[in-house]
Amino acid sequence: MSDLSPDRPAAPVLDVWCELQCADCRTALEDLRALRARYGDRLELRLRHFPLEKHKHSFAAAQAAEEAVVQGQGWPYAEAVLGRVTELDRKGEPFLVEVARELGLDAEEFDTALIDGRHILIVDADQAEGKAIGVTGTPTYVIGGERLDGGRSQEGLRERVEEITDRLLAEQG
């Protein structure tokens, strides 16, 4: 899921390997919001799916996030779900449809997408790519060829992402 449209100039890319049932990813939201506020469209922020087996609703949540992208509300949806991880733990897939409804999205289409699995290939591809580059937990950030593991600690990660982003932007001229 990407913030940028294809007609914008190339920007440094920050891939955020995330899982929407992950408490550490919820904690990372503040950093992601700060990065989006600081850089705007000068930094392409992409949510990449890395559902973990220990969270039974994470794969469905990733598929639901992709349906939100189709409906034009990818980030707002991801942020809404991450902000209420304990509700997702408790309520499961009906909660994913509930959040869609709250955001004014087509909740019936969300329900259908979760049943028919139309977004499974996107989630599987993200997860496979993450494994291939050494992602083992969430959140994990990749920018400028550098992988930063946020699963152990968020401390200092935003500053490191900013350093790399500033360098990449300076190199672009």
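**Entry 1**

I began with helix 2 and helix 7, which are roughly perpendicular to each other (65 to 115 degrees counts as roughly perpendicular, under 35 as roughly parallel, over 145 as roughly antiparallel and the rest as oblique). The residues of their contact divide into five nonpolar, one polar and two charged. In that count Ala, Val, Leu, Ile, Met, Phe, Trp, Tyr, Cys and Pro are nonpolar, Asp, Glu, Lys and Arg are charged, and the others, Gly among them, are polar.

Before going on, I noted what I am looking at: this is a predicted model, where local features need pLDDT of at least 70 and side-chain atom pairs count only at pLDDT 80 or more, while totals for chains, interfaces and linings use all residues. Residues are numbered from 1 along each chain as its sequence is written, and side-chain values use heavy atoms, with hydrogens and water left out.

Helices (H or I, at least four residues) and strands (E, at least two) are DSSP runs numbered from the N terminus. Back to the pair: the axes of helix 2 (residues 58-70) and helix 7 come within 9 Å and cross at roughly 115°. Axes here are lines fitted to C-alpha atoms, for helices over the stretch in contact, and angles run from 0 to 180 degrees between N-to-C directions.

**Entry 1: Asp126**

I stayed in helix 7 (residues 120-132), where Asp126 is found. Is Asp126 buried or exposed? Asp126 is buried, at a relative accessible area of 8% (buried is under 20%, exposed over 50%, partly exposed in between, with a 1.4 Å probe and protein chains only). Leaving out residues up to four places away in sequence, Asp126 touches Trp17, Leu47, Arg48 and His49. Two of these turned up again in the sheet: Trp17 stands opposite Arg48 in strand 2.

I then traced the open sheet, whose four strands come in the order 2-1-3-4 with mixed pairing. Strand 2 (44-49) and strand 4 (146-149) are the edges, each pairing on one side only. From one strand to the next the twist averages 20°.

Two strands pair if DSSP finds at least two bridges between them. Strand 1 and strand 2 run parallel, joined by six bridges. Strand 1 pairs with strand 3 in the antiparallel sense over four bridges, and strand 3 (residues 140-143) pairs with strand 4 likewise antiparallel over four bridges.

Helix 1 (residues 23-39) lies across strand 1 (13-18), strand 2 and strand 3, at about 165° to strand 1. Strand 1 is mostly covered, with five of its six residues buried.

**Entry 2: strand 3 and Ile143**

Strand 3 is covered on both faces: Thr140 and Val142 are buried on one side, Tyr141 and Ile143 on the other. A reminder to myself: in a regular strand the side chains alternate between the two faces of the sheet.

I took a closer look at Ile143, which is buried with a relative accessible area of 0%. Leaving aside neighbours within four places in sequence, Ile143 is in contact with Val13, Leu14, Leu43, Val161, Ile164, Thr165 and Leu168. The bridge partner of Ile143 in strand 4 is Glu146. The hairpin of strand 3 and strand 4 has two residues between the strands, and Gly144 takes a positive phi near 55° there.

**Entry 3: helices 3 and 4**

Helix 3 (residues 74-82) is mostly covered, with eight of its nine residues buried; among them are Trp75, Tyr77 and Glu79. In helix 4 (residues 85-91) I checked Thr86, which is partly exposed at a relative accessible area of 49%. Thr86 and Ile133 are 47 residues apart along the chain, and 29 Å separates their C-alpha atoms.

Definitions and conventions: Contact = heavy atoms within 4.5 Å.
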